[in-house]
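Below is a short report on nonpolar packing and nonpolar surface. Start with the structure itself.

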Amino acid sequence: MAEPLFTSEEQKTFDAGIAEIISHYPPDRKSAGMLPALRLLQEIKGWLPPDGLRLVAKHLEVTPERAMEVASFYVMYHLKKPGKYVIDVCTNLSCSLWGAEKMLAYLEQKLGLKAGEANEKFTLRETECLASCGTAPCLQINEDHHESLTQAKLDAILAKLS
């Protein structure tokens with residue numbers, strides 16, 4: 001028998017959260033709550049497991065395919081279980097001009113991962129823009145933003161994660 005999606009405590013959190021989300025929309029527009037519902041699921045599980053996507057779709061009265069379409073469109077949603085720390089490195093123009101590619105290469109070497117790969121501790125991703133052009137290069141770890149980076153600053157940040 002398959003393992004249940006939620007623990008009893010997680011189920012209570014999900015049920016209360018989804019009810020709160022749905023309460024903000026007219027009954028015929030429940031699907032408008034898709035982004036916060038996916039966010040809720042990811043906050044509870046750390047990613048969007050297929051059974052969870054089906055459950056969100058059921059509550060919002062949409063097809064599971066629609067939930068997957070939305071989840072796969074946005075990079076902030078994880079369709080595979082990520083490492084404990086998700087590192088998004090901006091390589092857009094401003095960051096590139098200030099050495100983002102070298103910073104990414106340094107991280108790849110230091111973490112033993114290529115951009116797009118993950119292990120239990122880290123997920124390393126190259127991202128298009130983190131809206132920090134004036135303080136480039138930058139990256140985000142989970143949802144913590146780090147700006148004006150150097151190798152020394154990167155080393156200090158990574159040391160805190162150990």
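A nonpolar core is a set of buried Ala, Val, Leu, Ile, Met, Phe, Trp, Tyr and Cys residues joined through side-chain atoms within 4.5 Å. Buried means under 20% relative accessible area, exposed over 50%, and partly exposed in between (1.4 Å probe, protein chains only).

This is a predicted model: local features need pLDDT of at least 70, side-chain atom pairs count only at pLDDT 80 or more, and totals for chains, interfaces and linings use all residues. Residues are numbered from 1 along each chain as its sequence is written, and side-chain values use heavy atoms, without hydrogens and water.

The largest nonpolar core has 21 residues. Phe-14, Met-34, Leu-38, Leu-48 and Val-56 touch the most other members. Helices are DSSP runs (H or I, at least four residues), numbered from the N terminus.

Helix 2 gives the largest share, six residues. A second, separate core has 18 residues, including Leu-104 and Ile-157.

Automatic or database assignment sets the domain bounds. Domain 1 spans 8-73 and domain 2 spans 85-161. Their C-alpha centres lie 30 Å apart.

Now the surface. In soluble globular proteins, nonpolar side chains tend to be buried together. Leu-93, however, is exposed, with a relative accessible area of 57%. Leu-93 lies in helix 5 (residues 93-97).

Technical notes:
Helix = DSSP H or I, 4+ residues; strand = E, 2+ residues; numbered from the N terminus.
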